[in-house]
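Subject: Structure for your files, with notes

Hello,

Here is the structure I promised to pass on. My notes on it follow below the display.

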Amino acid sequence: MTEEEVAGKPTAAVAGTRWLSQDERAAWLANSALMISLPAALDARMQRESQLTFFEYMVLSVLSEEPDHTMQMSRLAARTSASLSRLSHVVGRLEKRGLLARARIPGPGRRTNTTLTEAGYEVVVAAAPGHVAAVREFLIDELEPHELATLNRIGTAVEAAINRAARSTSVETSVP
């Protein structure tokens with residue numbers, strides 16, 4: 001909504017809102033389309049070509065880059081920007097397909113390692129060329145080199161803001 005659209009409906013929340021300028025709103029709407037459309041396009045392509053969802057591919061890919069193809073679930077969740085709950089469901093599906101294996105880490109707490117199996121490694125290696133082609137087609141090849149640098153800076157800044165907010169929220173909820 002714009003400031004003009006809510007002008008006739010003042011409330012306490014509306015009165016204190018810093019509305020977006022036209023340029024800010026245009027940038028936000030373009031970014032929203034990117035956030036929604038790009039993952040959907042990557043997901044459709046991955047499923048069609050590799051029988052994996054985009055998120056499943058990301059999980060396998062992250063594990064494939066580890067020297068021993070193993071990572072603790074909490075770290076894997078952070079690397080894939082997923083909640084532990086979402087990751088657990090996806091890992092369970094991939095485990096049933098024989099692409100991953102889970103093992104409890106001995107000691108205190110509920111810690112679990114996830115390991116990419118040989119079959120999982122073969123699947124991610126086979127899927128990687130199609131994924132890279134889609135990323136190039138939908139994003140990379142559409143941008144100029146200076147735009148890639150800007151996109152990198154923007155993505156890094158947004159991720160940092162989200163991480164700050166998450167840390168702030170976790171501190172607020174953990175205070176007795």
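A salt bridge here is a side-chain nitrogen of Lys or Arg within 4 Å of a carboxyl oxygen of Asp or Glu. Glu 56 and Arg 97 meet that rule, with their closest N and O atoms 3.7 Å apart. Glu 56 belongs to helix H4, while Arg 97 sits in the loop between helix H6 (84–96) and E2, so the pair ties together parts that are 41 residues apart in sequence. Residues under 20% relative accessible area are called buried, those over 50% exposed, and those in between partly exposed. Glu 56, at 5% relative accessibility, is therefore buried. Arg 97 is at 42% and so counts as partly exposed. Please keep in mind that this is a predicted model.

Overall make-up

The protein has eight helices and three strands. Starting at the N terminus, the order of elements is α-α-α-α-β-α-α-β-β-α-α. There are 176 residues, and 24% of them count as buried. Among contacts with a separation of 6 or more, 46% are between residues 24 or more positions apart.

The sheet

The three strands form an open sheet in the order E1-E3-E2, and the pairing is antiparallel. Strand E1 (70–72) and strand E2 (100–104) are the edge strands, each pairing on one side only. On average, neighbouring strands of this sheet are turned by 25° against each other, direction ignored. In general, strands of a sheet pair through backbone hydrogen bonds, either parallel or antiparallel. Between E2 and strand E3 (residues 112–116) there are five bridges, in the antiparallel sense. If you want a spot to look at in this pairing, Arg 102 stands opposite Thr 114 in E3.

Helix H4 (residues 54–64) packs on the sheet and touches E1, E2 and E3. The direction of H4 makes about 90° with that of E3. H4 is also the helix that carries Glu 56, the partner of Arg 97 described above.

Other salt bridges

How many salt bridges does the rule give? The count is nine. Besides the pair above, two of them are described here.

One of these joins the side chains of Glu 49 and Arg 45, at 2.9 Å from N to O. Both residues lie in helix H3 (residues 22–50), where they are four residues apart, about one turn of the helix.

Another links Arg 75 and Glu 66, whose side chains meet at 3.6 Å, N to O. Arg 75 has 43% relative accessibility, which makes this residue partly exposed. Glu 66 is at 15% and counts as buried. Salt bridges that share partners join Glu 65, Glu 66, Arg 75 and Arg 79 into one network.

To find your way around the display, you could begin with H4 on the sheet, go on to the salt bridge between Glu 56 and Arg 97, and then turn to the network that includes Glu 66 and Arg 75.

Regards

Notes. Residues numbered from 1 in each chain as written. Predicted model: local features only at pLDDT ≥ 70, side-chain atom pairs only at ≥ 80, totals over all residues. Heavy atoms only, no water. Pairing = 2+ DSSP bridges. Helix = DSSP H or I, 4+ residues; strand = E, 2+ residues; numbered from the N terminus. Axes fitted to C-alpha atoms, helices over the stretch in contact; angles between N-to-C directions. Contact = heavy atoms within 4.5 Å. Buried < 20%, exposed > 50% of the residue type's maximum accessible area, 1.4 Å probe, protein only.
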